[in-house]
Amino acid sequence: EIVMPRLSDSMEEGTILTWLKQEGEAVAIGEELVEIETDKANMAYESDVAGTLTEILAKEGETLAIGAPIAVVGERGGAPAPEAPESAPAPGAPAPEASPPAERSALVALRATDEERSDGERVKASPLARRLARERGVELASLQGSGPGGRIVKKDVEGAAGASGAVAKAAGGPAATETAKGETRVEELSKLQEVIARRMAESKATAPHFYLEATIDMSSAVAARARLKAATPEGGVVPSFNDLVIKACALALREFPRANGAYRDGRFELYSRVNVGVAVAARDALVVPTLFDADRKGLAEIATGARALAAKVREGSVTPPELSGGTFTVSNLGMFGIRSFGAVINPPQAAILAVGAITERPVVSDGEISTAQLMDVTLACDHRILYGADAAGFLARIRALLEEPLGLAL
């Protein structure tokens, strides 16, 4: 018996999106069996047993609690499990209608066309790409993937889907209604959006936020990055300014343990590892993958890791472990021209740093007016664990590391 797995540390239930195997098909250990929508992302669950999928217990679109049975896998070549006695029709009631063999064969053939190429090779695609293809009526077997190893990703399906009108058609929400506000269209939240809404509301309701703002002179960092870029071989990874911020935060977190902790049930939890979460905009949601042990990583390693995680989030292939274990979060909207903003703490973390754009502005030094590359940051803190003086010292340390970036290489 296959049960609804726990695919994230905060998952309580999951929604069956797509069965990647059908009844009667062979299943190997490690083979993708079903795509599940969790509170953090859409995940493809890999079977931990081998055999034949004899019975699917949970229909696509059905939401079940962790541990609830979703399928049965038996010995290879085994027949589907017999129906339980209680499923028999009541006296006088018509027997349930079984799918005609021809119709079932057609469904299996359609699936084979979609999941296999003409040479019998299984189509490689991210879970998000599979879901989009199903929603928009795109055959995966007809696409050439642009992802790693020829894997089909979100943009491949979107490019094949064509007109954006297909999105509205596939939404399947309630019919639009006309009111004084104009035409109103209701959209149901995904599991991820539901969790984001709940956790953010809980954060503001339970964690007493206070905010510290600082302006950081990034002139030396801008010059240092330009030198790094010039010295990096073609095709090499050049750390972004956000990578510099992540490294500065990681080093400062080692010196300020409470900033790297959490308030839980009347106690402080202080963590030995420094794991920085990086907020990434996903499809209609915000996902925070984790850079583990960021304080021990060099800038190049942070840059490579951050790009790989962001790509996985956008492709929908990020894994549960990569979304767990964060001890602090960095959220950057500078690329959108936002100068400053206040972020909501990602519970149960003690703080989150909101990073704005780097802009050239006038400054006064020794009575002389000049210009500098300035960046505004806002540290949101949970006052139950991080008090004003500690928070100010933590933010000052981040600023010192960024204003003299040589320390980031130590």
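I looked up D265 and found it exposed, with a relative accessible area of 74%. I use "exposed" for over 50% relative accessible area, "buried" for under 20% and "partly exposed" for what lies in between, with a 1.4 Å probe and protein chains only.

I note that this is a predicted model, in which local features need pLDDT of at least 70 and side-chain atom pairs count only at pLDDT 80 or more, while totals for chains, interfaces and linings use all residues. Residues are numbered from 1 along each chain as its sequence is written, and side-chain values use heavy atoms, with hydrogens and water left out.

**Backbone entries**

I placed D265 in the loop between β12 and β13 (267-270). Helices (H or I, at least four residues) and strands (E, at least two) are DSSP runs, numbered from the N terminus. D265 is not a glycine, yet its phi is positive, about 50 degrees.

I then looked up D366, which has a positive phi of about 55 degrees and is likewise not a glycine. It sits in the loop between β19 and β20 (368-382). With a relative accessible area of 79%, D366 is exposed.

I also recorded a cis peptide bond between P347 and P348, with omega at about 5 degrees. P348 belongs to the loop between β18 (328-332) and β19 (351-365).

**Whole chain**

I counted 9 helices and 20 strands in the protein. Of its 410 residues, 41% count as buried. Contact is taken as heavy atoms within 4.5 Å. Among contacts with a separation of 6 or more, residues 24 or more positions apart account for 62%.

**Aromatic rings**

How many aromatic pairs does the structure hold? I found 3. Rings of Phe, Tyr and Trp (its six-membered ring) pair if their centres lie within 6.5 Å; planes under 30 degrees apart count as stacked, over 60 as edge-to-face and the rest as tilted. One of the pairs is F256 with F394, edge-to-face, at 6.0 Å centre to centre and 65 degrees between the planes. This pair links distant parts of the chain: F256 lies in the loop between α7 (241-255) and β12 (261-264), and F394 in helix α9 (residues 388-403), 138 residues apart. F256 counts as buried because its relative accessibility is 17%. F394 is buried too, at 0%.

I next examined Y263 and F268, whose ring centres are 6.5 Å apart and whose planes stand at 65 degrees, so this pair is edge-to-face. Y263 is partly exposed at 27% relative accessibility, and F268 is partly exposed at 34%.

I noted one aromatic cluster formed by F256, F328 and F394. I also found R225 over the face of F241, at 5.2 Å from the ring centre. A charge sits over a ring if NZ of Lys or CZ of Arg is within 6 Å of the ring centre and within 35 degrees of the ring normal.

**Helix α7 against helix α8**

At what angle do the axes of α7 and α8 cross? The axes of α7 and helix α8 (residues 299-315) come within 9 Å and cross at roughly 115 degrees. Axes are lines fitted to C-alpha atoms, for helices over the stretch in contact, and angles run from 0 to 180 degrees between N-to-C directions. The crossing is right-handed; a crossing is left-handed if the near helix is turned anticlockwise from the far one by less than a right angle, and right-handed if clockwise.

I listed D243, L244, I246 and K247 on α7 and L299, I302, A303, A306 and R307 on α8 as the residues that make the contact. By class these are 6 nonpolar, no polar and 3 charged residues. Here Ala, Val, Leu, Ile, Met, Phe, Trp, Tyr, Cys and Pro count as nonpolar, Asp, Glu, Lys and Arg as charged, and the others, Gly among them, as polar.

I then turned to D243 itself: is it buried or exposed? D243 is buried, with a relative accessible area of 2%. Its neighbours within four places in sequence set aside, D243 is in contact with L299, I302, A303, A306 and R307.

**G67**

I placed G67 in the loop between β7 (63-65) and β8 (69-74). G67 is partly exposed at 40% relative accessibility. Apart from neighbours within four places in sequence, G67 is in contact with V3 and M4.
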